[in-house]
Amino acid sequence: MPTLPPALPDEAPGASGTARSAGSAEDESRRDALGGLAKAITDVFAPGLLVVVVLLAVGWHSTRSLTGVAWGFLAAFFCGILPYAFIIAGVRLGRLTDLHLRVRRQRFVPLAVTMTSVVAGITALTVLDAPREILALVAAMLAGLAVTLTVTKWWKVSVHTAVAGGVVAVLALSYGPALAWCSPAVVLIGWSRVRLRDHTVAQTVVGALIGSSIAAGVFALLR
């Protein structure tokens with residue numbers, strides 16, 4: 001009576017199932033790692049933080065001294081710190097689901113509050129005779145916010161990539177074209193928003209185009 005050949009190690013009963021399980025676990029681990037990386041990028045490059053950074057950088061460029069940094073910080077207080085504090089309070093009170101405003105219908109009030117705060121900042125900076133570059137940047141932010149707020153009524157455009165695109169454009173105009181090497185960071189931020197399923201690719205691309213074009217146009221015109 002013929003006998004079956006001995007099973008090879010990878011043909012042992014349950015081996016294929018074990019291999020599939022191991023592969024699934026590895027894939028799941030990889031997905032978790034990418035998700036963690038995407039969340040870290042989204043948090044580190046949050047719009048409120050980028051606004052503060054670019055205002056301090058342009059503040060320094062405007063006077064090449066700590067006085068300019070102080071002007072940048074004053075502008076950042078109105079344009080970044082106060083609006084971010086409002087969002088944090090909204091999350092803690094349960095009125096907003098998260099700091100990144102994933103739910104589109106929750107975006108209108110925070111963006112409107114941000115616009116009001118930016119207008120107050122422009123008024124204060126004008127009265128106090130702030131450097132022209134600072135005023136130009138705050139005006140560019142206000143214009144970008146107005147467009148973003150309008151689009152948000154119908155579509156969940158990415159604020160993350162809008163702010164990131166604007167920051168890269170302003171830095172390149174202030175410190176020279178070499179700063180355009182920061183552009184891949186905008187792509188990375190866009191990837192993180194898509195990876196977390198908070199935006200589509202189109203929403204991140206349009207956000208970057210809105211932010212960079214308005215920032216470049218308004219800032220270059222007024223500075």
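Which residues in α2 meet which residues in α6? I will come to that after a word on the model.

This is a predicted model, in which local features need pLDDT of at least 70, side-chain atom pairs count only at pLDDT 80 or more, and totals for chains, interfaces and linings use all residues. Residues are numbered from 1 along each chain as its sequence is written, and side-chain values use heavy atoms, with hydrogens and water left out.

Now the answer. From α2, the residues are P47, L50, V51, V54, A57, V58, W60 and H61, and they meet V159, H160, V163, A164, V167, V170, L171, S174 and Y175 in α6. Contact here means heavy atoms within 4.5 Å. Helices are DSSP runs of H or I, at least four residues, numbered from the N terminus. By class, this contact has 14 nonpolar, three polar and no charged residues. Nonpolar is Ala, Val, Leu, Ile, Met, Phe, Trp, Tyr, Cys and Pro; charged is Asp, Glu, Lys and Arg; the others, Gly among them, are polar.

The two helices, α2 and α6, pack at about 10 degrees, and their axes are 10 Å apart. α2 is therefore roughly parallel to α6, a label for angles under 35 degrees. Axes are lines fitted to C-alpha atoms over the stretch in contact, and angles run from 0 to 180 degrees between N-to-C directions.

Next, the cavity: a set of points on a 1 Å grid over the protein atoms alone, where a 1.4 Å probe fits but cannot get out. The largest cavity has a volume of about 640 Å³, volume being the space filled by probe spheres set on the points. Lining residues have an atom within 4 Å of a point. Of the 34 in the lining, P47, V51, L145, V159 and V163 are the closest to the centre. α6 gives the most, seven residues.

Conventions: 1 Å grid on protein atoms, 1.4 Å probe; cavity = no way out; pocket = protein on both sides within 12 Å on 5 of 7 lines; lining within 4 Å. Parallel < 35°, antiparallel > 145°, perpendicular 65-115°, else oblique.
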